[in-house]
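Let's take a walk through one model, going from a helix to the core around it and then to some strands. Have the coordinates open as you read.

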Amino acid sequence: MLSLLKTIRHAIATWWSEFTLQTKLLAVATMVVSLVMSGLTFWAVNTIQQDARMNDTRFGRDLGLLLAANVAPLIADNNLTEVAQFSQRFYRSTSSVRYMLYADETGEIFFGIPFWEAEVENSLTIKRRIQLPEDYPGDGEKPMVRQHTTPDGTVTDVFIPLIVNKKYLGVLAIGINPNQTAVISTNFTRDVTIAVFITIWVMVILAGVINALTITKPIKELLVGVKQIATGNFKQRIDLPLGGELGELILSFNEMGERLERYEEQNIEELTAEKAKLQTLVSTIADGAVLIDNNMQVILVNPTAERIFGWETADVVGQNLLHHLPPSVQMEITRPLYEMAAGECESAEFRIFINQPIPRTIRILLTTVLNVQRESIKGIAITVQDITREVELNDAKSQFISNVSHELRTPLTNIKSYIETLHDSGEDLALQQRQEFLQTVNYETDRLTRLVNDVLDLSKLESGRNYNFDSVDLAQAIEQTLRTYQLNAKDKGVELLQEVAPNLPLVMGNYDLLVQVFGNLIGNALKFTKAGGKVAIRAYQLDFKPSQTQSSPVRIEISDTGIGIATEDQHSIFERFFRVENRVHTLEGTGLGLSIVRNIIDRHRSKVDLVSEVGIGTTFWFDLAAFEEKAPPIQVEPIAEASKITTV
């Protein structure tokens, strides 16, 4: 039973909650009006009933006194026949009297209408007595009036004492029917009031149901639709067969949803295209790019940044950036990132060395991303630049300047010392000493000249100058180089050998640069080869072809039987100012010859390699592309890394 009551209460509460505030107020107002009107109606009915009872009481008392005055003398004379006739005539002449009873002083009924004495005596021979009220005064002169309810209505009982010459003869009891007009009016008013009350509430309930079906439900559907539209669901539609203004409103809502959906599709296509362009642009830039929001969540990252931080296999989008950075980077930029997110600064720059995934130096630029009005911070853009090569080149530049300064200072110091000695004490020195001093000055001058020339040559190669490449006859270039060093080799007792394959094809290159390469390599070979040794230069065509349309390249080898190069020095032999004599303490040089060789070979799109063993000798070799007859002469731009180096 309790569960049923709870269910009914919950259903009523749910049903009531579905109504709008206006409907609830209307229902409450209707209830108040109906209750007030019903109360007034019932008050009016009650007043009418009380007035009717009062009129019935007065009428009964007056009628009883009139009858008692007419029949009392007859009863005193014991003329009961006349009493009966008079009573019969009076009863028939009015409909207001329901009954008339005559009782003696003991209360025994001796005559009554609509029944009389004969009926009373024959009714089981039982004498009937009148039941007087307990408060009846007995032989009092004033009549007593009371009312009692019967199925036919309220009956007014009038008890009139029969007194003649102050002698109490009995009592006359008369029953007065209620006023039919008042009864009918009262009943009609009550029935109308009840009918009006029921009708009002039936109308209220019907109005609530109609409101729920025709107004509340569509309004709720509209509210749900508007909320869906507000959340971005532009596919929301309302399908209710309604007319009138509400139907037009629903139709307008559906049209608005269709337009918003089409507009969203167009915007999505445009945004998708713009996003694709942005992603393509970001993915193609050389620097790393990372975009994060104010909560440090990664929104966008390009492949360069993934490669720098080793994120190729990790999905960092949507995750906290600080959890995926190397420790050194995280320690440097954590605090600035939070300060920028809080609006305390707009940009920051850092240079950080990282060990993972590979050792490198990076530059990180932090910049805040503002909204269109530039009022609030929407995120932070992080630019990551790999400046490892730049740092290395700057270090190389500094080292180069330091080495050049050192190399220039040594001969200049020697020249200055000897010149000052000759100037100050020239007359005190012997002729042989002065000649030795001048010979040393001449030697140091030659050394300084070689150094300056090598520096100038290297500077030209790395200055961005363009060189014309055309067909080169290697046999002629080799022959010219050997003629230059033939006398020097003869003086040192070193044999120069030339092994050039017959029918050697022309190669693509620059004649002057190749002669300089041959000269540097053969000069170094003669410098580090003792008397009785050999220096050989070979040129031959390889057997393989790089492609179907290209000829086999030509290989050039310069070998010697000199002191050789230790394994630990072979990876540094092409660096500026690196000299083997620094370790073996043999001859002197500028330390720039092999750097020039490597630079020239790089311009020929090739690579110089070496094979060496200490005490046995060294072989340098490189390949040159064969010249194609149909290929026009080309200009070779300086290589990227060489063009970044500035020399003095």
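What follows is a short report on a predicted model.

## Helix α11

Let's start with α11, which covers residues 474-492.

At the start, a side-chain oxygen of D473 comes to within 3.2 Å of the backbone nitrogen of A475. After the helix comes G493, with a positive phi near 75°.

Which residues of α11 are buried? They are L474, A477, I478, T481, L482 and A489. To read that list, keep in mind that an α-helix has 3.6 residues a turn, so residues three or four places apart point the same way.

## The largest nonpolar core

L474 turns up again in the largest nonpolar core, which has 42 residues. Along with F518, I556 and F622, L474 is one of those with the most contacts inside this core. Several elements give two or more residues each, including α11, β11 (467-472), β14 (534-541), β15 (554-560) and β17 (617-624). The largest share, 9 residues, is from α12.

F622 is worth a click. Leaving out residues up to four places away in sequence, F622 touches V517, F518 and L521, then V554, R555, I556 and I558, and also I601, S606, K607 and V608. Another core, of 26 residues, lies apart from the largest one; among its members are I292, V301, L325 and L337.

## Strand pairing around β14

Now for the strands. β12 (residues 495-500) runs parallel to β14, and 6 bridges join the two. Across that pairing, L496 stands opposite V535 of β14.

β14 also pairs with β15, this time in the antiparallel sense, over 7 bridges. Here A539 has I556 in β15 as its bridge partner. That is the I556 listed with the most contacts inside the largest core, and F622 touches I556 too.

## A stop at T361

Last up is T361, which lies in strand β9 (residues 360-370). Is T361 buried or exposed? Its relative accessibility is 13%, and buried means under 20%, so T361 counts as buried.

What is T361 in contact with, leaving aside neighbours within four places in sequence? The contacts are R351, I352 and F353, together with Q385, D386, I387, T388 and V391.

How values were computed:
Residues numbered from 1 in each chain as written. Predicted model: local features only at pLDDT ≥ 70, side-chain atom pairs only at ≥ 80, totals over all residues. Heavy atoms only, no water. Helix = DSSP H or I, 4+ residues; strand = E, 2+ residues; numbered from the N terminus. Expected span 1.5 Å × (residues − 1). Buried < 20%, exposed > 50% of the residue type's maximum accessible area, 1.4 Å probe, protein only. Polar contact = N/O pair within 3.5 Å; in protein donor to acceptor, adjacent residues only side chain to side chain. Core = buried A, V, L, I, M, F, W, Y, C linked by side-chain atoms within 4.5 Å. Contact = heavy atoms within 4.5 Å. Pairing = 2+ DSSP bridges.
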